[in-house]
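The sequence and the coordinates are shown first, and the points follow.

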Amino acid sequence: MVREQYTTTTPGTSLERPKNEYVYKIGIYGWRKRCLYLFVLLLLIILVVNFSLTIWILKVMWFSPTGMGHLRVTKEGLRLEGESEFLFPLYAKEIHSRVDSSLLLQSTHNVTVNARNSNGEVTGRLNVGPKMVEFHGQQFQINSKDGKPLFTVDENEVVIGTDKLRVTGPEGALFEHSVETPLVKAEAFKQLRLESPTRSLSMDAPRGINIKAQAGNIEALSQMDIRLHSSDGVLLLDAETVRLPKLPEGTRGGSGISQGLYEICVCPDGKLYLSVAGVGSTCHEYSRVCQ
């Protein structure tokens with residue numbers, strides 16, 4: 001920058017005009033100027049590279065106004081297409097699949113679903129592992145598509161709400177405690193067997209027990225005694241033929257005349273035995289059987 005000095009005179013006065021003098025210079029010259037240009041050029045290169053990388057990332061990640069890649073942001077929430085892998089826990093209020101496809105949750109170890117309350121405490125947990133499925137909670141319930149409870153489990157009881165419970169195992173069903181049901185029925189052309197290997201088997205009903213075999217026999221086997229007891233009613237054996245093949249046969253000292261007919265005698269303690277039939281009752285002749 002050049003600065004010039006001027007001197008004013010009055011008329012009639014003569015002064016010598018001073019020569020122009022350079023006072024100082026302002027500017028960037030030499031290597032500083034070259035460094036500045038180089039720095040500006042470097043900034044332009046960095047700007048172009050960053051812009052190119054941004055465009056490349058947007059293209060690779062499939063960024064769009066509605067989402068990123070297979071992830072779409074809708075008014076109902078997030079929509080994810082295809083398979084996705086989550087490396088950390090996923091928190092969501094609701095997860096459901098498309099109408100025309102199923103929902104698949106897959107893991108190399110296990111899949112755990114937790115339900116928490118407002119304090120962050122776990123109130124329910126479903127753990128699907130490689131060997132077993134575990135559920136932790138106050139109650140476990142399975143409903144039908146109509147909302148009818150099909151299977152309910154809690155600390156006190158297990159409730160099966162279906163009309164029929166079918167056990168297809170060859171060993172049947174094993175119950176360690178009592179079972180309450182209105183009907184026990186076998187499949188068609190299959191045998192129904194109620195067994196207690198080491199303890200007793202008891203069937204109780206306030207209005208009666210009905211045992212029916214429409215196309216077969218009914219067998220009751222016991223190592224000890226089988227008792228049929230009615231406190232207020234009678235014991236009725238309604239059949240065309242009633243057979244007691246293993247009743248003991250009484251004997252008497254002399255030889256009697258027998259035509260292959262016997263009569264049933266009853267001891268005071270209720271024991272039954274056979275005696276050879278005669279013209280009259282012969283039970284008293286075989287009374288030693290009751291001793």
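1. Buried means under 20% relative accessible area, exposed over 50%, and partly exposed in between, with a 1.4 Å probe and protein chains only. This is a predicted model, in which local features need pLDDT of at least 70 and side-chain atom pairs count only at pLDDT 80 or more, while totals for chains, interfaces and linings use all residues. Residues are numbered from 1 along each chain as its sequence is written, and side-chain values use heavy atoms, with hydrogens and water left out.

2. The structure holds one aromatic pair. The ring centres of Phe-135 and Phe-140 are 5.1 Å apart and the planes lie at 55 degrees, so the pair is tilted (rings of Phe, Tyr and Trp, the last by its six-membered ring, pair if their centres lie within 6.5 Å; planes under 30 degrees apart count as stacked, over 60 as edge-to-face and the rest as tilted). Phe-135 is partly exposed, at a relative accessible area of 36%, and Phe-140 is likewise counted as partly exposed, at 30%.

3. Four strands form an open sheet in the order S1-S2-S3-S4, with antiparallel pairing. Strands are DSSP runs of E with at least two residues, helices are runs of H or I with at least four, and both are numbered from the N terminus; two strands pair if DSSP finds at least two bridges between them. Strand S1 (63–64) and S4 are at the edges with a single partner strand each, so one side of each has no neighbour in the sheet. S1 is joined to strand S2 (residues 67–68) by two bridges, and Phe-63 has Met-68 in S2 as its bridge partner.

4. Of its 39 lining residues, Phe-86, Leu-90, Ile-95, Leu-103 and Leu-105 are the closest to the centre. Strand S3 (71–74), strand S4 (77–80) and strand S5 (111–116) are the elements that give two or more residues to the lining, and S5 gives the most, with five residues. On a 1 Å grid over the protein atoms alone, a pocket is an open set of points where a 1.4 Å probe fits, with protein on both sides within 12 Å along at least five of seven lines, and lining residues have an atom within 4 Å of a point.

5. What covers residues 35–58 in the UniProt annotation? The unreviewed entry gives "transmembrane region" there. Over these residues the chain is 100% helix and 0% strand, with the end C-alpha atoms 35 Å apart.

6. Ser-196 is found in the loop between strand S10 (158–160) and strand S11 (262–266). At 26% relative accessibility, Ser-196 counts as partly exposed. Ser-196 and Leu-174 are 22 residues apart in sequence and 9.8 Å apart in space, C-alpha to C-alpha.

Key:
UniProt positions renumbered as here; feature names shortened; annotations may be inferred.
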